[in-house]
Amino acid sequence: MKKKQIRTIIIAALVLLLAVAAMLRINIEPAERPALADAITPQPVSQQTPTAAPAAGETATATERPVSPTATPETNSAPLPSQVPETEAPAATQTPETTQSPVATQIPVATQPTEPTATPAPEQAPEAPNIPEAGPLPEPVPVLPQRHVCTIEIRCDTVVDTTKLENQAVAPFVPSSGVILGTTEVEFTPGESVFDILLRATRDRNIHMEFRDDNLYSGKYIEGINYLYETDGGPLSGWMYKVNGLFPNYGCAAYLVNDGDAIVWMYTCDLGMDVGDNSTW
């Protein structure tokens with residue numbers, strides 16, 4: 001932008017100098033031509049007294065007397081020195097007028113006609129927004145399947161005193177603590193029953209368990225665990241289960257397990273009365 005302004009100023013100065021020179025030439029040439037004509041062509045010249053000098057602003061209308069045509073040429077050239085200043089004086093006084101030419105006021109119009117059209121703003125396309133490139137999508141977090149857990153315990157506290165056993169052959173399989181399987185956490189699939197949990201827990205830990213299909217007990221009946229069978233502790237002995245402290249009144253294959261259930265299998269010698277089941281069948 002600065003280069004354009006400097007170029008414009010230089011062009012304006014040149015135009016102004018050319019205009020001033022032209023005006024000076026126009027004003028000087030008409031003033032010189034009458035003087036040369038007077039010097040070359042013989043014509044009647046007014047006779048002036050040498051002592052009367054013309055004023056600076058006076059014109060050639062001073063009192064003149066006609067001279068006879070027989071005057072010598074030297075008389076015509078006499079007033080020339082006095083007339084030269086008269087012709088040059090108006091030119092000198094008119095010099096300031098030529099500098100105030102209206103051409104200077106027209107310079108901006110002549111030098112700046114096409115500058116607005118050099119870089120038209122409407123034609124400039126808007127710059128595209130700087131949109132950051134999309135990075136790789138984050139890897140999806142694997143959704144772990146929900147764990148369903150319950151606990152199971154197997155006990156035979158009622159026959160720790162093996163003297164109560166009618167079948168003394170199973171006495172070596174009765175632990176002195178009465179615990180065959182301590183409280184153990186087991187994962188299960190929704191829809192599994194208490195029988196499914198018992199079957200998986202004993203098989204995974206190599207604990208003997210025997211059952212039979214029996215529709216009277218909802219499909220499955222537990223006959224013996226850890227070689228301790230029903231009737232080994234008397235005619236009312238056998239295996240019972242409870243869930244969360246309650247004894248269901250139906251078979252273990254019909255009871256579906258929920259998260260957090262606590263399953264306990266117990267050996268009874270009195271149809272459940274000695275393990276806390278006071279319900280009537």
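This is a predicted model: local features need pLDDT of at least 70, side-chain atom pairs count only at pLDDT 80 or more; totals for chains, interfaces and linings use all residues.
Entry 1: I started with the strands and found 4 of them in an open sheet, ordered 2-1-7-6, with mixed pairing. Strand 2 (179-187) and strand 6 (238-243) are at the edges; each has a single partner strand, so one side of each has no neighbour in the sheet. I noted that neighbouring strands are turned by 15° against each other on average, direction ignored.

Next I looked up how strand 6 meets strand 7 (residues 262-268): 6 bridges join them, and they run antiparallel. Here Y241 stands opposite W265 in strand 7. Helix 6 (residues 194-204) packs on this sheet and touches strand 1 (149-155), strand 2, strand 6 and strand 7. The direction of helix 6 makes about 70° with that of strand 1.

**Entry 2: salt bridges.** How many salt bridges are in the whole structure? My search gave 9. One of them joins E153 to R155, with the closest N and O atoms 2.7 Å apart. E153 is buried at 15% relative accessible area, while R155 is partly exposed at 23%.

I then checked R212 and E230, whose side chains meet at 3.7 Å, N to O. R212 is in strand 3 (residues 209-214) and E230 in the loop between strand 5 (228-229) and strand 6, so this pair ties together parts 18 residues apart in sequence.

**Entry 3: a surface patch.** Last, I found I6, I10, L14 and L17 in a nonpolar surface patch, with about 410 Å² of accessible area together. I6 lies in helix 1 (residues 2-40) and counts as exposed at 52% relative accessibility.

Notes
Residues are numbered from 1 along each chain as its sequence is written. Side-chain values use heavy atoms; hydrogens and water are left out. Patches are made of residues with over 30% relative accessible area and no salt bridge: like charges are joined within 9 Å, nonpolar side chains (Val, Leu, Ile, Met, Phe, Trp, Tyr) within 5 Å. Accessible areas come from the Shrake-Rupley method with a 1.4 Å probe; for residues, only the protein chains shown count as cover. A salt bridge is a side-chain nitrogen of Lys or Arg within 4 Å of a carboxyl oxygen of Asp or Glu. Helices (H or I, at least four residues) and strands (E, at least two) are DSSP runs, numbered from the N terminus. Buried means under 20% relative accessible area, exposed over 50%, partly exposed in between (1.4 Å probe, protein chains only). Two strands pair if DSSP finds at least two bridges between them. Axes are lines fitted to C-alpha atoms, for helices over the stretch in contact, and angles run from 0 to 180 degrees between N-to-C directions. Contact means heavy atoms within 4.5 Å.
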